[in-house]
Amino acid sequence: MKVLGIESSCDETAAAVLEDGKLLSNVILSQLDVHRKYGGVVPELASRAHVQAILPIIREALNEAHLGREAIDGIAVTYGPGLIGSLLVGLNVAKGMAAVLDKPLIGVNHIEGHIFANSLDHPEMDLPFLALIVSGGHTQLVDVQDWGKYAIVGKTIDDAAGEAFDKVAKLLGLGYPGGPEINRLAKTGDPDFVKFPRAWMGADNLNFSFSGLKTAVLNYVESKSDEFKQKHLADIAAGFQQSVVDVLIEKSRKALVRLGYKTMALAGGVARNSALRKAFLKMGEQNNLTIYLPDYDFCTDNAAMIARAGEFYFQRGQTSTLDLDADPSLKLPANYPKGAEA
Ligand code: KG4
Ligand code: ZN
């Protein structure tokens, strides 16, 4: 079974072909150069860039897989959450292809796609498990009871983890996106030089809050001279990163205890962070847990994860109807693709 995956929910235009769990191609065009000078994603520019890129990217994915369009058995596409204008570009192309080729359409929840990213390299993952989704738009602890069966056990009450990285990078005068910049800089810094606050919000609370941390970094930086800031930029970055990592680790550990699980998986762009990956592997070793980390390429937005989630539903015979609409605020649990029989 060959599934074409299409992703255009934010600022990456992506297409991938998956055959029976094996990735035949994975093409991504990042719009970073379009948005960099604005310090964040500009929705109108994002949709336009998707319109220009989507057909060549799909063509490239099919070429790399050495397949013609007719060889595809199903078309999986992100229909939410994300930017409405961006989602509509990928969704409409997918619907058009499904109609013309007379092949099934499978609508995929982007967040669910991030969780499925783990199964690209680990098809036989132990279930159930705890997933920590840390991206630019989301920070959630999800009880993955089964593929397609989710319960959110914790989430951010303000900024997402990736958003905190991006905002703190901006106030430190670093480039966009901030996550990779802080990660790189923090490698040469001392995480104990300055201890920023950790938002525990009560002993049993599994929710996150990162806006206070961002303000603490801002206040700290504003109280120092330019010379001091330049000298200790790496230390400040490392101190901020350590605060985020500590909270993500501790709340995940508590969630695992509460659920009685011994397995967890990371998902989303921030899962690329080297300090976070290291800390989770260490926690796993110390507590005898199985920790799944998605391949570097499958952490940030990509279409391979969308194809993988789509393949799962397609195999179950759960496909979407052609009147599927984009849903910018689509939530988990998205137990079944919209329009499919439960
Ligand atoms: O999953 P993603 O590509 O897009 C969303 O669905 O939001 O995540 C993008 C986020 C950005 O906030 C970016 O700064 C962050 O992931 N990110 C990182 C790293 N690489 C990307 N954050 C921390 N460390 C990194 N190495
Ligand atoms: Zn994402």
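**Figure 1. Glycine 173 follows helix H5.** The phi of glycine 173 is positive, near 80°. Helix H5 spans residues 161–171. Helices here are DSSP runs of H or I with at least four residues, strands are runs of E with at least two, and both are numbered from the N terminus. The model is predicted: local features need pLDDT of at least 70, side-chain atom pairs count only at pLDDT 80 or more, and totals for chains, interfaces and linings use all residues. Residues are numbered from 1 along each chain as its sequence is written, chains are lettered from A and ligands numbered from 1 in the order in which they are written, and side-chain values use heavy atoms, with hydrogens and water left out.

**Figure 2. The buried face of H5.** The buried residues of H5 are Ala161, Gly162, Ala164, Phe165, Val168 and Ala169. Buried means under 20% relative accessible area, exposed means over 50%, and partly exposed lies in between (1.4 Å probe, protein chains only). Seen down the axis of H5, these residues fall within an arc of 160°, so they line one face of the helix. The arc is taken from the directions from the helix axis to the C-beta atoms. Their packing partners are strand E6 (129–134), strand E7 (139–146), helix H6 (178–186), helix H7 (211–222) and helix H8 (226–259). Contact means heavy atoms within 4.5 Å.

**Figure 3. Buried residues of helix H6.** Gly178, Gly179, Ile182, Asn183, Leu185 and Ala186 are buried in H6. Their cover includes H5, H8 and helix H9 (274–287).

**Figure 4. The zinc ion (ligand 2) and its donors.** His110 (NE2), His114 (NE2) and Asp301 (OD) coordinate the zinc ion at 2.0 to 2.1 Å. Donors are N, O and S atoms within 2.8 Å of the metal (3.2 Å for Na, K and Ca); water is not among the atoms, so sites may look incomplete. The four donor atoms subtend angles of 95 to 138°, which makes the arrangement irregular. Four donors count as tetrahedral if all angles lie between 85 and 135 degrees; four count as square planar and six as octahedral if opposite donors are over 155 degrees apart and all others between 65 and 115; anything else is irregular. Along the chain, the donors follow the spacing H-x3-H-x186-D. Histidine 110 sits in helix H4 (residues 110–121), and aspartate 301 in the loop between strand E10 (290–292) and helix H10 (304–315); the pair is 191 residues apart and links distant parts of the chain. Histidine 110 is buried at 6% relative accessibility. Aspartate 301 is buried at 13%.

**Figure 5. Cysteine 10 and cysteine 299.** The structure holds zero disulfides. A disulfide is a pair of cysteine sulfur atoms within 2.5 Å. Cysteine 10 is partly exposed, with a relative accessible area of 25%. Cysteine 299 is buried, at 0% relative accessibility.

**Figure 6. Two cis peptide bonds.** One joins glycine 80 and proline 81, with omega about -10°. Proline 81 is in the loop between strand E4 (74–80) and H3. Another joins leucine 127 and proline 128, with omega about -5°. Proline 128 is in the loop between H4 and E6. Most peptide bonds are trans.

**Figure 7. Positive phi at aspartate 20 and methionine 201.** Most residues other than glycine have a negative phi. Aspartate 20 has a positive phi, near 45°. This aspartate lies in the loop between strand E2 (12–19) and strand E3 (22–30). Aspartate 20 is exposed, with a relative accessible area of 53%. Methionine 201 has a positive phi of about 60°. The loop between H6 and H7 holds methionine 201. Methionine 201 is partly exposed, at 32% relative accessible area.

**Figure 8. Domain 1 and domain 2.** Domain 1 covers 2–114 + 298–315, and domain 2 covers 125–296. These bounds come from an automatic or database domain assignment. The C-alpha centres of the two domains lie 27 Å apart. In contact are 16 residues of domain 1 and 18 residues of domain 2.
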